[in-house]
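Q: I am new to this structure and would like to learn how to read it. Could you walk me through it, step by step?

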Amino acid sequence: MSRNYKFHNKSGLYFVSFAIVNWIDVFTRQIYFNELAKSVDYCRKEKGMELYAYCFMPSHIHLVYRSAQEDPSGLIRDFKKHTARKLIEAIENNPQESRKEWLLWMFERAGKKNATKSKYQFWQHHNKPIELWSEKVIKQKIDYIHKNPVESGFVMNPIEWKYSSARNFEEGNTVLEIDSAGFIG
């Protein structure tokens, strides 16, 4: 892993992206989006996550955040571990999930390739953390996050994507609260 993709500054502001194994589109049902939102909300309230921007896509998520407890790596590790467990449970218990057997088989297959997993692997290992060191870079990453659903062809305008902080910046009708982005200008 390159030096650029490590958490060097424990109190730094970071942009991270992480995807589901094999880039599987899991976030196609409301119940799975809800699990992500609940987990982020919990991390904000209980784990010291300062969230400044986010976007949940069908196969991956983007966050701009800081760890108030100065453990950005541990925060993301715990978030991924918790959400993996909750999302696999949600898939297993969802009677409307037509892809249940296939999804579980794919997660089990990925888990078998990884000696540290007991049965399933949900998230890819890398987070690609990039420390955001200037207002220009912060704006560039937030713009990238907000344009992701537009570039993917899901919406025409970033605020149309329900699971994006673009709505926090524009209209306030949001899924998740974010922390003040006053430093973004």
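This is a predicted model: local features need pLDDT of at least 70, side-chain atom pairs count only at pLDDT 80 or more; totals for chains, interfaces and linings use all residues.

A: Gladly! Let us begin with a term: helices (H or I, at least four residues) and strands (E, at least two) are DSSP runs, numbered from the N terminus. Residues are numbered from 1 along each chain as its sequence is written, and side-chain values use heavy atoms, with hydrogens and water left out.

Q: Is S39 buried or exposed?

A: Buried means under 20% relative accessible area, exposed over 50%, and partly exposed in between (1.4 Å probe, protein chains only). S39 has a relative accessible area of 3%, so it is buried.

Q: Which residues does S39 touch?

A: Contact means heavy atoms within 4.5 Å. Leaving aside residues up to four places away in sequence, S39 touches F79, H82 and T83. Two of these names, F79 and T83, come back among the buried residues of α2.

Q: What covers the buried residues of α2?

A: First a general idea: an α-helix has 3.6 residues a turn, so residues three or four places apart point the same way. The buried residues of α2 include L75, I76, F79, K80, T83, A84, L87 and I88. Their cover includes strands β1 (13–19), β2 (49–56) and β3 (60–67), along with helices α1 (30–46) and α3 (100–112).

Q: Where is M106, and what does it touch?

A: M106 sits in helix α3. With a relative accessible area of 8%, M106 is buried. It touches N22 and I24, again not counting residues up to four places away in sequence.

Q: What pattern does the protein follow along the sequence?

A: There are five helices and four strands, and they run β-α-β-β-α-α-β-α-α. The radius of gyration is taken over C-alpha atoms, and the globule rule is 2.2 Å times the number of residues to the power 0.38. The protein's radius of gyration is 16 Å, close to the 16 Å that the rule gives for 185 residues, so it is as compact as a globular protein of that length.
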